[in-house]
Amino acid sequence: MSKHISIHSLKYVFASHQDPDIITSLPRWLMHTDCQVVTSRLWSRFLPHLVSGFVSGKMQKSLDNRMVEIPDEGSNIRLGNSFIRAIPAHFLHSVGNFHFYDPLSKILFSGDVGAAMTPGQDHVPVENMADHIPLMEGFHRRYMASNRACRAWVNKVRQLDVETMVPQHGKAFVGRDKVAAFLDWFECLECGVDLIC
Ligand SMILES: [Fe+2]
Ligand SMILES: [Fe+2]
């Protein structure tokens, strides 16, 4: 990050959900930058537990001002002359879960949705969706809560102009055709409680 901006210019850390791979580094972001942490209202009262033990009582107190709670329906978070839109993605896979959309670059940062277990080369975008789907399938079937949640999310995302989707693990989907192919697959996926028999 510091190759691109001064660390003191960092305004926000967007925490899609509470998982360790997302936000265990919270104490360090808070100590070494002036950022605010943007997260679901469901997690904003839990995340400070990660910080206790790392910081002084004074800093613990000032934490309230550094948490930005997103309501369930999402919100626009002001950034310069534009904004980042928090898109509800509840139960995909966390109960309070958001993805983040930048209307200028038309990138959707989709957290664990679209994540894949790829054999390296994660900096190279997906070339062929049919080849990529098997690398996503097992993870999504187990970690995503239900097809109902998938469909609600797909309906929301189809209303946005997404050119690139960037999951938290695996490869990016670059191009509207790749994004549309993902949405078509995810919309029909049986997962989570759908598979309990
Ligand atoms: Fe996660
Ligand atoms: Fe993850």
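The model is predicted, with local features needing pLDDT of at least 70 and side-chain atom pairs counting only at pLDDT 80 or more, while totals for chains, interfaces and linings use all residues. Residues are numbered from 1 along each chain as its sequence is written, chains are lettered from A and ligands numbered from 1 in the order in which they are written, and side-chain values use heavy atoms, leaving out hydrogens and water.

Helices (H or I, at least four residues) and strands (E, at least two) are DSSP runs, numbered from the N terminus. Asp112 is buried at 3% relative accessibility, whereas His169 is partly exposed at 29%. Buried means under 20% relative accessible area, exposed over 50%, and partly exposed in between (1.4 Å probe, protein chains only).

**Nonpolar cores**

A nonpolar core is a set of buried Ala, Val, Leu, Ile, Met, Phe, Trp, Tyr and Cys residues joined through side-chain atoms within 4.5 Å. The largest one has 30 residues, and Trp153, Phe182 and Phe186 have the most contacts inside it. At least two residues of this core come from each of helix H5 (129-143), helix H6 (147-158) and helix H7 (176-187). A second, separate core has 14 residues, including Ile22, Leu30, Val51 and Leu63. Leaving aside residues up to four places away in sequence, Phe182 touches Val113, Gly114, Met129, Met136, His140, Trp153, Met165 and Phe173; contact means heavy atoms within 4.5 Å.

**Salt bridges**

A salt bridge is a side-chain nitrogen of Lys or Arg within 4 Å of a carboxyl oxygen of Asp or Glu. By this rule there are seven, among them those in the table.

| Pair | N to O distance |
|---|---|
| Lys106 and Asp161 | 3.3 Å |
| Arg176 and Glu163 | 3.1 Å |
| Lys178 and Asp177 | 3.9 Å |

Lys106 lies in the loop between strand S6 (98-102) and S7, and Asp161 in the loop between H6 and S8, so their bridge ties together parts 55 residues apart in sequence. Lys106 is partly exposed, at 23% relative accessible area, and Asp161 is partly exposed at 29%. In the last pair, Lys178 is buried at 15% and Asp177 is exposed at 54%. Salt bridges that share partners join Lys106, Asp161, Glu163 and Arg176 into one network.

**Surface patch**

Met1, Ile5 and Ile7 make a nonpolar surface patch of about 220 Å². Patches are made of residues with over 30% relative accessible area and no salt bridge: like charges are joined within 9 Å, nonpolar side chains (Val, Leu, Ile, Met, Phe, Trp, Tyr) within 5 Å. Accessible areas come from the Shrake-Rupley method with a 1.4 Å probe; for residues, only the protein chains shown count as cover. Met1 lies in the segment before strand S1 (12-14) and is partly exposed, with a relative accessible area of 40%.
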